[in-house]
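User: Could you take a close look at one helix for me and show how it sits in the fold? I would like the cut-offs spelled out as you go.

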Amino acid sequence: IVVRLFNTIGPRQTGKYGMVVPRFVQQAVSGQPLTVFGGGQQSRAFCDVRDTIVALDKLASNPASAGQIVNVGNDREISIQALAELVIQRSGSSSRIEQVSYEEAYGDEYEDVARRRPSLGRLHELTGHTPAWSLEATLDDLIERSAAAGPQVAHRL
(Lines give C-alpha, C1' and ligand atoms only; values in the text may rest on other atoms or scores of the structure.)
Protein backbone atom coordinates (compact mmCIF):
# COMPACT_ATOMS: atom_id res chain seq x y z
CA ILE A 1 0.00 0.00 0.00
CA VAL A 2 1.34 3.42 -0.89
CA VAL A 3 0.00 5.98 1.57
CA ARG A 4 0.14 9.73 1.02
CA LEU A 5 -0.18 11.57 4.35
CA PHE A 6 -1.62 15.09 4.33
CA ASN A 7 -0.76 17.62 7.06
CA THR A 8 -0.75 15.31 10.05
CA ILE A 9 -0.75 17.21 13.35
CA GLY A 10 -0.76 16.22 16.99
CA PRO A 11 1.00 15.89 20.31
CA ARG A 12 4.80 16.09 20.41
CA GLN A 13 4.98 17.64 16.94
CA THR A 14 7.52 20.43 16.77
CA GLY A 15 7.30 23.76 14.99
CA LYS A 16 11.05 23.60 14.50
CA TYR A 17 10.82 22.83 10.77
CA GLY A 18 8.09 25.30 9.90
CA MET A 19 5.09 23.18 10.86
CA VAL A 20 2.34 25.78 11.14
CA VAL A 21 0.04 24.33 13.81
CA PRO A 22 2.63 23.77 16.58
CA ARG A 23 4.24 27.10 15.70
CA PHE A 24 0.92 28.96 15.97
CA VAL A 25 0.05 27.20 19.26
CA GLN A 26 3.46 27.99 20.74
CA GLN A 27 3.23 31.62 19.65
CA ALA A 28 -0.32 32.03 21.00
CA VAL A 29 0.38 30.39 24.36
CA SER A 30 3.49 32.52 24.87
CA GLY A 31 1.74 35.74 23.81
CA GLN A 32 3.90 36.25 20.72
CA PRO A 33 2.50 37.39 17.36
CA LEU A 34 1.32 34.55 15.13
CA THR A 35 3.39 34.81 11.95
CA VAL A 36 1.36 34.18 8.80
CA PHE A 37 3.51 33.85 5.71
CA GLY A 38 2.21 35.25 2.45
CA GLY A 39 -1.29 36.62 2.38
CA GLY A 40 -2.72 33.87 4.56
CA GLN A 41 -5.23 32.79 1.92
CA GLN A 42 -3.37 29.56 1.15
CA SER A 43 -5.40 26.66 2.50
CA ARG A 44 -4.62 23.34 4.08
CA ALA A 45 -6.53 20.40 5.57
CA PHE A 46 -5.16 19.09 8.88
CA CYS A 47 -5.57 15.57 10.27
CA ASP A 48 -4.94 14.57 13.87
CA VAL A 49 -2.25 11.90 14.14
CA ARG A 50 -4.62 9.75 16.20
CA ASP A 51 -6.99 9.62 13.21
CA THR A 52 -4.08 8.97 10.87
CA ILE A 53 -3.05 5.93 12.93
CA VAL A 54 -6.58 4.52 12.87
CA ALA A 55 -6.78 4.98 9.09
CA LEU A 56 -3.40 3.28 8.58
CA ASP A 57 -4.47 0.35 10.76
CA LYS A 58 -7.72 -0.03 8.80
CA LEU A 59 -5.82 0.03 5.51
CA ALA A 60 -3.25 -2.51 6.71
CA SER A 61 -6.04 -4.80 7.92
CA ASN A 62 -7.92 -4.78 4.61
CA PRO A 63 -6.56 -7.15 1.93
CA ALA A 64 -8.27 -5.02 -0.76
CA SER A 65 -5.84 -2.22 0.10
CA ALA A 66 -2.86 -4.16 -1.31
CA GLY A 67 -1.38 -2.42 -4.33
CA GLN A 68 -3.45 0.73 -3.82
CA ILE A 69 -2.32 4.35 -3.54
CA VAL A 70 -4.37 5.99 -0.79
CA ASN A 71 -4.51 9.53 0.56
CA VAL A 72 -4.81 9.71 4.34
CA GLY A 73 -5.86 12.93 5.99
CA ASN A 74 -8.85 15.12 6.63
CA ASP A 75 -10.60 17.01 3.86
CA ARG A 76 -11.82 19.93 5.98
CA GLU A 77 -10.03 22.88 4.43
CA ILE A 78 -9.05 26.09 6.24
CA SER A 79 -7.02 29.12 5.20
CA ILE A 80 -3.85 29.81 7.15
CA GLN A 81 -5.26 33.21 8.16
CA ALA A 82 -8.42 31.55 9.51
CA LEU A 83 -6.26 28.94 11.29
CA ALA A 84 -4.30 31.71 13.04
CA GLU A 85 -7.56 33.36 14.10
CA LEU A 86 -8.90 30.02 15.36
CA VAL A 87 -5.77 29.31 17.42
CA ILE A 88 -5.98 32.76 19.03
CA GLN A 89 -9.68 32.27 19.77
CA ARG A 90 -9.30 28.72 21.16
CA SER A 91 -6.31 29.66 23.32
CA GLY A 92 -7.80 32.90 24.63
CA SER A 93 -4.55 34.56 23.60
CA SER A 94 -4.08 38.29 23.20
CA SER A 95 -1.56 37.64 20.42
CA ARG A 96 -1.93 39.53 17.19
CA ILE A 97 -1.39 38.20 13.67
CA GLU A 98 1.70 39.42 11.85
CA GLN A 99 1.87 39.08 8.07
CA VAL A 100 5.34 38.14 6.77
CA SER A 101 5.98 38.16 3.04
CA TYR A 102 7.25 35.02 1.37
CA GLU A 103 10.27 36.99 0.19
CA GLU A 104 11.13 37.96 3.76
CA ALA A 105 10.57 34.44 5.09
CA TYR A 106 12.04 32.31 2.30
CA GLY A 107 13.68 34.47 -0.37
CA ASP A 108 12.69 35.70 -3.79
CA GLU A 109 12.13 32.39 -5.55
CA TYR A 110 9.73 30.73 -3.09
CA GLU A 111 6.33 29.63 -4.39
CA ASP A 112 3.71 28.24 -2.03
CA VAL A 113 0.98 25.78 -2.90
CA ALA A 114 -2.25 27.76 -2.82
CA ARG A 115 -4.45 24.84 -1.85
CA ARG A 116 -3.71 21.42 -0.35
CA ARG A 117 -6.76 19.25 0.31
CA PRO A 118 -6.71 15.47 -0.14
CA SER A 119 -9.25 13.48 -2.05
CA LEU A 120 -10.27 10.76 0.38
CA GLY A 121 -12.61 8.71 -1.80
CA ARG A 122 -10.35 5.66 -1.99
CA LEU A 123 -9.73 5.73 1.79
CA HIS A 124 -13.50 5.79 2.40
CA GLU A 125 -14.12 3.00 -0.14
CA LEU A 126 -11.53 0.72 1.42
CA THR A 127 -12.09 1.45 5.12
CA GLY A 128 -15.17 3.59 5.69
CA HIS A 129 -12.83 5.76 7.78
CA THR A 130 -13.89 9.25 8.80
CA PRO A 131 -11.84 11.36 11.21
CA ALA A 132 -12.96 11.41 14.83
CA TRP A 133 -10.87 14.43 15.86
CA SER A 134 -12.07 17.86 14.75
CA LEU A 135 -9.53 20.59 14.16
CA GLU A 136 -10.94 22.41 17.20
CA ALA A 137 -10.55 19.35 19.46
CA THR A 138 -6.97 18.85 18.30
CA LEU A 139 -6.13 22.52 18.83
CA ASP A 140 -7.68 22.45 22.31
CA ASP A 141 -5.56 19.41 23.20
CA LEU A 142 -2.36 20.98 21.83
CA ILE A 143 -3.03 24.31 23.55
CA GLU A 144 -3.65 22.56 26.87
CA ARG A 145 -0.46 20.49 26.53
CA SER A 146 1.59 23.54 25.54
CA ALA A 147 0.27 25.68 28.39
CA ALA A 148 0.89 22.87 30.91
CA ALA A 149 4.44 22.31 29.60
CA GLY A 150 5.48 25.89 30.25
CA PRO A 151 7.61 28.16 28.11
CA GLN A 152 10.78 26.06 28.39
CA VAL A 153 9.28 23.05 26.60
CA ALA A 154 6.28 24.53 24.77
CA HIS A 155 8.03 23.93 21.45
CA ARG A 156 7.57 20.18 21.98
CA LEU A 157 3.81 19.76 21.96
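Analyst: Happy to. Helices (H or I, at least four residues) and strands (E, at least two) are DSSP runs, numbered from the N terminus. On that basis the protein chain has six helices and nine strands.

A word on the model: it is predicted, with local features needing pLDDT of at least 70, side-chain atom pairs counting only at pLDDT 80 or more, and totals for chains, interfaces and linings using all residues. Residues are numbered from 1 along each chain as its sequence is written, and side-chain values use heavy atoms, leaving out hydrogens and water.

Now to helix α1, residues 20-29. Buried means under 20% relative accessible area (1.4 Å probe, protein chains only), and 43% of the 157 residues of the chain count as buried. In α1, eight of the 10 residues are buried, so the helix is largely enclosed by the rest of the structure. Those eight are V20, V21, P22, R23, F24, V25, Q27 and A28.

What do they pack against? Taking contact as heavy atoms within 4.5 Å, the partners are strands β2 (8-9) and β3 (34-37) and helices α3 (80-91) and α6 (135-149). Across the protein chain, 85% of contacts between residues at least 6 apart in sequence join residues at least 24 apart. After α1 comes G31, with a positive phi near 75°.

Terms used:
Buried < 20%, exposed > 50% of the residue type's maximum accessible area, 1.4 Å probe, protein only.
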